[in-house]
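Here is a briefing on one protein model.

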Amino acid sequence: KSIVDIIHQQFPAPASVRSWLFSHVDDPFLDDPLPREFVLYLRPSGPLQNQLSHFWQQSRVTCGKNKAHNIFPHITLCQFFMCADQKVEALCEALQSTVAQWRGRFPSPLPLELYTSSNFIGLFVEEQIADVLKQFAADFASDAARKAGKSHKGFWKCDHTWKNLLMAFQLSTLLVLLFPPEVHVEPHKKQLHVTLAYHFPTDHLPSLEKLAKGIEVKLGCDWLAVLFSRDIRFANHETLRVMYPYMPQNEDELELVPGDFVFMSPVDQSSASEGWVYGTSLATGLSGLLPENYVTRADESDTWVFHGSRDRGMFDGLLDSRRPDNTSPGDTPTLSLICHPMQRTLFVCRHGERMDVVFGKHWLSLCSDSKGRYVRSNLNMPPSLPLWAAGQRDYNMDAPITVLGSTQAQVVGMSSALLESNTVIDFVYCSPSLRCVQTAQNILKGNENGKLKVRVEPGLFEWTKWVSGNSLPAWIPPTELAAAHFSVDTTYRPLIPVSKLTVSESYENYISRSYQVTKDILSDCKNTGNNVLIVAHASSLEACTRQLQGRSPQSSKDFIQVVRKIPYLGFCSCEEQGDTGVWQLADPPILPLTHGPNHTFDWRETLLQE
């Protein structure tokens with residue numbers, strides 16, 4: 001509590017630190033110097049992670065929760081060990097340096113073999129390869145003991161404010177700060193494996209085993225060294241997630257805030273009556289009784305803290321691991337890439353919702369005034385249109401996307417699965433249609449990838465037979481798009497220039513053009529990036545990938561039927577099989593995006609009717 005007073009009076013702390021301190025002002029363990037427990041895992045990402053996540057979900061739906069669901073898919077490299085708060089930064093540095101020394105030395109792919117017993121299912125690492133991983137863990141353990149074992153000789157050189165802050169601690173806390181216990185990391189000695197399921201009823205084995213056999217263990221995967229910690233006080237407690245708010249009615253009750261977690265121990269339930277449980281809040285550190293139907297079971301790792309490599313001051317080092325993190329382990333950025341197979345992936349997606357489809361072909365008349373100025377007449381219309389002042393461009397032939405279309409693209413870009421799977425987009429190509437350029441821009445915005453520039457490729461335009469009129473749209477040139485603050489590559493030279501496109505081309509010509517431009521794009525990117533995103537039209541998902549897989553084109557009639565089934569932001573993934581040049585469709589790293597229609601509402605016509 002003294003820390004709160006000093007910080008509040010003498011200098012402003014970061015908002016997250018102040019918030020944590022004030023929420024824990026009555027926490028009886030606030031001044032407790034008890035260190036946290038840390039663990040080092042090897043965590044999969046990429047296509048294999050997608051398969052494992054699917055297994056996690058399906059096994060939970062089919063058979064209910066088992067012990068494996070408490071922690072995300074992983075290989076344990078080091079057992080849980082304790083580390084004082086002020087040594088966490090040194091611990092992260094030890095992991096970084098070990099990863100740097102081992103980069104490129106890991107086998108790819110990591111060989112895994114399925115093993116099942118009456119109450120356990122897992123993927124085991126081949127013994128010879130497991131010895132290599134154990135040596136990595138041993139090197140980390142040695143480096144951690146060396147780096148985190150250093151004493152803080154500069155403690156008494158800190159300024160007066162920090163001395164006051166530290167002196168506010170209880171004497172026991174201060175002693176731990178001055179003489180923290182040594183860090184002892186024990187590498188995992190048992191067989192290395194990914195646990196899929198354990199401690200489940202015997203009659204669930206057939207269903208779980210069937211699901212496990214569906215995991216393609218040879219899929220590409222980036223294995224990441226990740227460091228997590230947990231509060232040792234609650235290591236053997238059940239973790240509950242608060243679903244509904246509750247204000248205490250009596251002094252021995254606990255306030256509940258949705259999103260908070262509560263730790264519950266079976267040995268503490270003797271004082272709880274039926275329908276109530278006794279637990280401790282993660283957000284406040286307070287304990288009390290709470291209604292059982294206001295919480296639901298959560299996973300143990302939901303409350304763990306991911307330890308990244310960012311620089312932090314002494315105060316951050318003391319408190320960061322004690323406050324609830326805003327992101328769960330499934331959403332945190334990974335620390336280090338230690339094994340990177342050079343598998344190439346092509347992503348193809350359709351643009352977002354377009355204005356002329358939502359508001360009709362005469363939509364321009366709905367959003368322009370008598371002087372020809374753009375006027376937004378519906379919330380789903382964008383606040384402004386690029387280069388409207390330049391004669392309204394050719395918006396009748398080249399319609400932009402709606403506000404919902406922009407949101408669709410950003411949702412895809414910020415997809416937790418896309419970020420979690422460590423999917424890095426190396427190149428983005430798009431059709432010259434404004435709706436495609438805007439969609440690509442918003443995907444990158446959602447993915448927070450501000451450095452990547454979009455390459456506008458006319459060869460990716462849809463089947464020109466579908467264009468109304470006798471000419472192609474007058475697309476906005478890349479230089480003008482850049483001037484309108486679109487992140488496009490103005491130095492890019494198209495593989496198929498606009499001049500090579502013809503109106504009302506044959507189906508065979510369109511399919512040939514799409515296949516050729518896709519091959520050329522992949523060829524140009526082969527030695528400089530693994531993942532290519534094409535943002536184009538519904539037809540592109542079929543036209544750009546079918547022949548790439550060695551399959552013959554469909555008839556135009558069947559092709560049209562396929563295209564009709566592809567919604568806005570329809571997304572597909574095509575992976576190269578090794579370095580063979582053979583490509584195959586695979587599960588994309590994001591979930592489908594589904595939403596319902598929302599028709600125009602006129603309150604006068606609806607509510608004023610007699």
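Buried means under 20% relative accessible area, exposed means over 50%, and partly exposed lies in between (1.4 Å probe, protein chains only). Helices (H or I, at least four residues) and strands (E, at least two) are DSSP runs, numbered from the N terminus. The model is predicted, so local features need pLDDT of at least 70 and side-chain atom pairs count only at pLDDT 80 or more, while totals for chains, interfaces and linings use all residues. Residues are numbered from 1 along each chain as its sequence is written, and side-chain values use heavy atoms, with hydrogens and water left out.

- Helix H12 spans residues 403-413, and its buried residues are Gly-405, Ser-406, Gln-408, Ala-409, Val-412 and Gly-413.
- These residues lie on the same side of H12, because they cover an arc of only 155 degrees around the axis. The arc is that of the directions from the helix axis to the C-beta atoms.
- Thr-402 sits at the start of H12, where one of its side-chain oxygens comes within 3.4 Å of the backbone nitrogen of Leu-404. A polar contact is a pair of N or O atoms within 3.5 Å; within protein, one must be able to donate a hydrogen and the other to accept it, and residues adjacent in sequence count only if both atoms are side-chain atoms.
- In helix H8, the buried residues are Leu-205, Leu-208 and Ala-212. They line one face of the helix, because they fall within an arc of 70 degrees seen down the axis of H8.
- Pro-206, Lys-210 and Lys-213 are exposed, on the face of H8 turned away from its buried side.

**The six-stranded sheet**

- Six strands form an open sheet in the order E16-E15-E17-E14-E18-E19, with mixed pairing. Two strands pair if DSSP finds at least two bridges between them.
- The edges are strand E16 (454-456) and strand E19 (583-586); each has a single partner strand, so one side of each is left without a neighbour in the sheet.
- From one strand to the next, the twist averages 25 degrees. Axes are lines fitted to C-alpha atoms, for helices over the stretch in contact, and angles run from 0 to 180 degrees between N-to-C directions.
- Strands E15 (residues 427-430) and E17 (residues 531-536) run parallel and are joined by four bridges. Val-428 stands opposite Leu-533 in E17.

**Strand E7 and its partners**

- Strand E7 runs antiparallel to strand E8 (residues 261-264), with four bridges between them. Leu-240 has Val-262 as its bridge partner in E8.
- E7 also runs antiparallel to strand E11 (residues 295-297), here with three bridges. Leu-240 stands opposite Arg-297 in E11.
- Val-262 is 9.1 Å from Tyr-278, C-alpha to C-alpha, and the two are 16 residues apart in sequence.
- Tyr-278 belongs to strand E9 (residues 276-281). Tyr-278 is partly exposed, with a relative accessible area of 28%.

**The second largest pocket**

- The second largest pocket holds about 700 Å³ of space. Among its 29 lining residues, Lys-67, Asn-70, Ile-71, Tyr-198 and Glu-300 are the closest to its centre.
- On a 1 Å grid over the protein atoms alone, a pocket is an open set of points where a 1.4 Å probe fits, with protein on both sides within 12 Å along at least five of seven lines; lining residues have an atom within 4 Å of a point. Grid points are joined across faces, edges and corners, and a volume is the space filled by probe spheres set on the points.
- Strand E2 (75-83), E5 and strand E7 (238-242) each supply at least two lining residues. E5 gives the most, with three.

**Loop residues**

- His-199 has a positive phi of about 60 degrees although it is not a glycine. His-199 lies between strand E5 (193-198) and helix H8 (205-213), and is exposed at 58% relative accessibility.
- Leu-569, also not a glycine, has a positive phi near 60 degrees. Leu-569 lies in the loop between helix H18 (556-563) and strand E18 (571-576), and is buried at 4% relative accessibility.
- His-69 is in the loop between helix H3 (47-63) and E2, buried with a relative accessible area of 1%. The C-alpha atoms of His-69 and Trp-56 are 7.0 Å apart, at 13 residues along the chain.
- Pro-73 is in the loop between H3 and E2, buried with a relative accessible area of 5%. Its C-alpha atom is 7.0 Å from that of Thr-195, 122 residues apart along the chain.
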